Amino acid sequence: MSSFSRSAQQWATFARSWFLIDARMQPPGKIASVCSVRLQGKHKPIYHPLSDIGDHVVVMNTRHIAFSGNKWEQKVYSSHTGYPGSFKQLTAAQMHKKDPTAIIKLAVYGMLPKNLTRRTMMQRLHLFPDDVLPDDILRNLTEELPQPREIPRKLSEYTQEERDAFPMLWTPCTFLDGCFAGPHTADIQSDL
Amino acid sequence: MTRMWRHVAGVSALLCSKSGFTGSVIMVFLTLSRWIRNRGPDRYWKVQELLKSARHFRGRKNRCYSLAVRAVRRAFVYASKARKTKRHSMRQLWIQRIAAASREQHMKYPALIHNLLKCSVQLNRRALCDLCISEPRSFKALAALACARRTEGFRAALGDGSHPPGVFSRITQPITAQHG
């Protein structure tokens, strides 16, 4: 960095980067908070609210986000156009079915500062429901951000060695062996 | 102001009746000349001094005295109040910048500040902000120092007594020797 010329150093400091996030199996709120930090430019030491130094963020696989708890049925997105009788309430599941990018878009919109720069920052957010990205965006990408949530593996994804190496407190009774039969009950009675 | 009155003969009956005097006299204010008040010779300059603070305002406030007086007073009040908020907002900006730079170094702002304080590094937020913008490697070294101070307890309990490379500390002997 110290070997750069002044103009090259300035370009490197103030250039707008393009970040990529994969939202598969991620909570949309965490994705949105990471996006909002990058869109505002708060990840840069040269941050200033008036400077317009936010970066572009591309989010892919928004169709495969994962709400925790029962939010798919319980979280409600409300809207009112101002005309009488136009109060609409949609659950997260309905909203997601209608538009797979809407949940993350609304989440990021709510996390950005509520001023005139918000719309500009939203224009720098690019959402794609699947991992198919257009060429011009693919060419611009500079960095991929790590996913905020570590995706837990299914039991079938663990190898047998890992399963054996896992510390067990007690040996569970597998009912598939038909342990309701006589010898097992005889053992319990003898213990008692 | 003393009033000098003089009774004048040869009165007009109309004047008497209008003024309500029943007598045959009329009063003349000989001090009329004194009633022309000279309010001060330098009004023009006082007005100009006020208007010069209003020249960059919008509308008639930048030209007309009575409108400018109110606008200039408000402007001065806002300026007085803003001196305190300027200090507040500058500190806020420093903290945001230091937080961004420390997150680049895989640390969080409260951890950085607390551990630098524990190391008795008395750099204030303004100095840290200037360092993180213009001296990134110095800031990286400070972040490494804070990280080392933060994990000092863990390393003493769990580690093998070795120090993290590149960090000077007051502990000159291995930690195990102290416990031993």
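**Reading domains, rings and charges**

Me: Which domains make up chain B, and what separates their centres?

Reply: Chain B has domain 1 (42-84) and domain 2 (89-160), with bounds that come from an automatic or database domain assignment. Taken over C-alpha atoms, the centres of domain 1 of chain B and domain 2 of chain B are 46 Å apart. This is a predicted model, where local features need pLDDT of at least 70, side-chain atom pairs count only at pLDDT 80 or more, and totals for chains, interfaces and linings use all residues. Residues are numbered from 1 along each chain as its sequence is written, chains are lettered from A and ligands numbered from 1 in the order in which they are written, and side-chain values use heavy atoms, leaving out hydrogens and water.

Me: How many aromatic pairs does a search of the whole structure find?

Reply: Rings of Phe, Tyr and Trp (its six-membered ring) pair if their centres lie within 6.5 Å; planes under 30 degrees apart are stacked, over 60 edge-to-face, the rest tilted. The search finds two over all chains. A:Phe67 and A:Trp72 are edge-to-face because their planes are at 85 degrees, with ring centres 5.0 Å apart. B:Tyr44 and B:Trp45 also form an edge-to-face pair, at 5.5 Å centre to centre and 85 degrees between the planes.

Me: Is A:Phe67 buried or exposed?

Reply: Buried means under 20% relative accessible area, exposed over 50%, partly exposed in between (1.4 Å probe, protein chains only). A:Phe67 is buried, at 13%. B:Tyr44 is exposed at 52%, and B:Trp45 is exposed at 56%.

Me: Where does the charged end of A:Arg118 sit?

Reply: A charge sits over a ring if NZ of Lys or CZ of Arg is within 6 Å of the ring centre and within 35 degrees of the ring normal. The charged end of A:Arg118 sits over the ring of A:Tyr109, 3.8 Å from its centre.
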